[in-house]
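Thanks for coming, everyone. I have one structure to walk through today. Let me put it on the screen.

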Amino acid sequence: LRIGTTLSSTATDGGIPVHCRQGVWDSACGPHCVAMALAILGDIAEPTELGEHGHGVGARLWKAAKSTYFGGTSGAELARMIASLQTRHTVAHVQGSHRRCMAFTHTQVAVGRLVIASWWHRPQHEHHWVLIVGSEGLQTASTFTPHALLTLDPGGDGPLLCGYNGRLEFAPRRGRRSPGPVRYLTLDGAERKVQFTSALAL
């Protein structure tokens, strides 16, 4: 990622703008995250203008996203959608318990993969997809201990002079104890406790 007034991808010489803002009516946070991930990886140019793509990965994503645009996508549906785009990327997918999805996400981020993760906010019965682009933590000698996952959230404004617009903060695990809910914070000051429900790595 290239940090600036507009976050862009270094996958091409000119830099591809990355962040895609979803609308207030749609439930297409999942496809928006797919578009951002593929822009970072260099598969889509101008992800905010998918409707103008006549062919290629961008056009296939635009067509595939139409059927779930207002109803939202499950993890399995999003995995199938990505597979249908015929990219060079292999998708790994888990869903189920918060603990399992968190462990998968940490493993995938640690090896440099992008992770599209869904979380659930119990009080508002809200499910939402975000793109995890990195982690933040403490480095001690050769040991890195993460305490936050950094996200691009299609439901928020694009980041300014940083590489993320949301943070999933958590306490480091102690022993075999199950991880509790994580605290999700966005640049507009909103905060909620959430649990992971699904994650896909590219």
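First, some ground rules. This is a predicted model, so local features need pLDDT of at least 70, side-chain atom pairs count only at pLDDT 80 or more, and totals for chains, interfaces and linings use all residues. Residues are numbered from 1 along each chain as its sequence is written, and side-chain values use heavy atoms, with hydrogens and water left out.

Now the fold. The chain has 4 helices and 9 strands. Both are DSSP runs numbered from the N terminus: helices are H or I with at least four residues, strands are E with at least two. Reading from the N terminus, the order is β-β-α-α-α-β-α-β-β-β-β-β-β.

What are the dimensions? The C-alpha trace spans about 50 × 35 × 35 Å along its principal axes.

Of the 202 residues, 46% count as buried. Buried means under 20% relative accessible area, exposed means over 50%, and partly exposed is in between, using a 1.4 Å probe and protein chains only. Contacts come next, meaning heavy atoms within 4.5 Å. Take those between residues at least 6 apart in sequence: 55% join residues at least 24 apart.

On to a helix. Helix α2 covers residues 56–65, and its buried residues are Val57, Gly58, Ala59, Leu61 and Ala65. What covers them? The cover includes α1 (29–40) and α3 (75–83).

Next, the strands around β6. Two strands pair if DSSP finds at least two bridges between them. Strand β5 (residues 126–140) runs antiparallel to β6, with 9 bridges joining them. Gly137 stands opposite Pro146 in β6. The two strands form a hairpin with 2 residues between them, and Ala141 in the turn has a positive phi of about 55°. β6 also pairs with strand β7 (residues 166–169), again antiparallel, over 4 bridges. There, Leu150 has Arg167 in β7 as its bridge partner.

Is Leu149 buried or exposed? Buried, with a relative accessible area of 0%. Leaving aside neighbours within four places in sequence, Leu149 contacts residues including Ile132, Leu168, Phe170 and Phe196. Arg122 is 27 residues from Leu149 in sequence and 20 Å away in space, C-alpha to C-alpha.

Now Ser198, in strand β9 (residues 191–201). Ser198 is buried too, at 2% relative accessible area. Its side chain makes a polar contact of 3.1 Å with the side chain of His93. A polar contact is a pair of N or O atoms within 3.5 Å; within protein, one must be able to donate a hydrogen and the other to accept it, and residues adjacent in sequence count only if both atoms are side-chain atoms. Beyond its neighbours within four places in sequence, Ser198 is in contact with residues including Gly75, Cys101 and Trp129.

Aromatics next. How many aromatic pairs does the structure hold? There are 2. In Tyr69 and Phe70, the ring centres are 5.3 Å apart and the planes are at 85°, so that pair is edge-to-face. The rule takes rings of Phe, Tyr and Trp (its six-membered ring) with centres within 6.5 Å; planes under 30 degrees apart are stacked, over 60 edge-to-face, the rest tilted. Tyr69 is partly exposed at 31%. Phe70 is exposed at 58%.

Trp119 and Tyr184 form a tilted pair, 5.4 Å centre to centre with 50° between the planes. Trp119 lies in strand β4 (residues 115–121) and Tyr184 in strand β8 (residues 182–186), so this pair ties together parts 65 residues apart in sequence. Trp119 and Tyr184 are both buried.

Last, the cysteines. A search of the whole structure finds 0 disulfides, where a disulfide is a pair of cysteine sulfur atoms within 2.5 Å. For Cys33, the nearest cysteine sulfur is that of Cys29, 6.4 Å away. Cys33 is buried at 0% relative accessibility. For Cys162, the nearest cysteine sulfur belongs to Cys33, 16 Å away. Cys162 also counts as buried, at 18%.
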